Amino acid sequence: METLAVLLIILFLALLASIFGIKLGFRLQTERVPYVSSNAATIRLLLDNLKIPENAVFYDLGCGDGRILAAVKKRFPTVTTIGYERAWLPLVLGWLRFSKRGVELRNDDFFSADLRDATVVFCYLLPSMMARFSNVAKTMFKPGTQIVAHDFPLPGWTPIRVVRSEPHAKERTVLFFYQA
């Protein structure tokens with residue numbers, strides 16, 4: 001009960017900070033990406049097409065509330081799941097929902113993070129951020145690292161596989177699979 005109270009206070013403070021533009025000692029992100037939650041069909045499509053070895057490290061860049069991380073952790077229990085999110089509201093919601101399920105959520109800039117231990121990296125970012133991430137990914141990841149891009153391709157990379165949702169699906173999804 002105490003943990004819930006603390007998290008609710010954090011959520012309230014983060015909400016106030018966002019309403020009044022208060023910095024709260026955190027760096028403000030320079031490029032905003034809108035929070036767009038992945039739907040259940042997209043998560044199923046991702047899980048059905050992932051090939052993750054045991055004890056892998058799965059990163060979700062711009063993870064929102066962490067629902068993809070939670071689904072990956074449920075399907076692949078030995079995998080370490082780590083998400084990066086700069087927006088406080090979805091991050092706090094994710095902490096409330098998934099922290100006890102072994103999902104790690106970080107409020108930090110993934111561009112400055114050390115992700116070299118990654119086995120799989122998932123990203124659902126705007127095209128401008130995908131271009132920036134493309135440059136980082138070329139030098140950061142070890143050979144064999146899987147990169148999965150949702151809806152927007154990774155500029156300068158050739159996908160090893162492209163998976164599309166069913167043509168009659170309510171919301172269309174494209175997943176681009178790459179290998180470093």
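Reader: What share of the contacts with a separation of 6 or more comes from residues 24 or more positions apart?
Author: That share is 61% in this chain, where contact means heavy atoms within 4.5 Å. Bear in mind that this is a predicted model, where local features need pLDDT of at least 70, side-chain atom pairs count only at pLDDT 80 or more, and totals for chains, interfaces and linings use all residues. Residues are numbered from 1 along each chain as its sequence is written, and side-chain values use heavy atoms, with hydrogens and water left out.

Reader: OK, and how many helices and strands are there?
Author: The chain has five helices and seven strands. Both are DSSP runs numbered from the N terminus: helices are H or I with at least four residues, strands are E with at least two. Starting at the N terminus, the order is α-α-β-α-β-α-β-β-α-β-β-β.

Reader: How much of the chain is buried?
Author: Of its 180 residues, 44% count as buried. Buried here is under 20% relative accessible area, with a 1.4 Å probe and protein chains only.

Reader: Let's zoom in. How do α2 and α3 cross?
Author: The axes of α2 (residues 40-49) and α3 (residues 67-75) come within 11 Å and cross at roughly 40°. Axes are lines fitted to C-alpha atoms, for helices over the stretch in contact, and angles run from 0 to 180 degrees between N-to-C directions. That angle makes α2 oblique to α3; oblique is what remains after under 35 degrees (roughly parallel), over 145 (roughly antiparallel) and 65 to 115 (roughly perpendicular).

Reader: Which residues meet there?
Author: From α2 you get I43, L46, L47 and D48, and they meet R67, I68, A71, V72 and R75 of α3. By type, that contact has six nonpolar residues, no polar ones and three charged. Nonpolar covers Ala, Val, Leu, Ile, Met, Phe, Trp, Tyr, Cys and Pro, charged covers Asp, Glu, Lys and Arg, and the others, Gly among them, are polar.

Reader: Is I68 buried or exposed?
Author: I68 is buried, with a relative accessible area of 4%.

Reader: What does I68 touch, apart from neighbours within four places in sequence?
Author: I68 is in contact with S38, I43, L46, F58, D60 and F122. As for L47, its C-alpha is 9.0 Å from that of I68, and the two are 21 residues apart in sequence.

Reader: Switching topic: where is S165?
Author: S165 is in the loop between β6 (161-164) and β7 (174-179). It's buried, with a relative accessible area of 13%. Not counting residues up to four places away in sequence, S165 touches L45, E171, R172 and T173.

How values were computed. Buried < 20%, exposed > 50% of the residue type's maximum accessible area, 1.4 Å probe, protein only.
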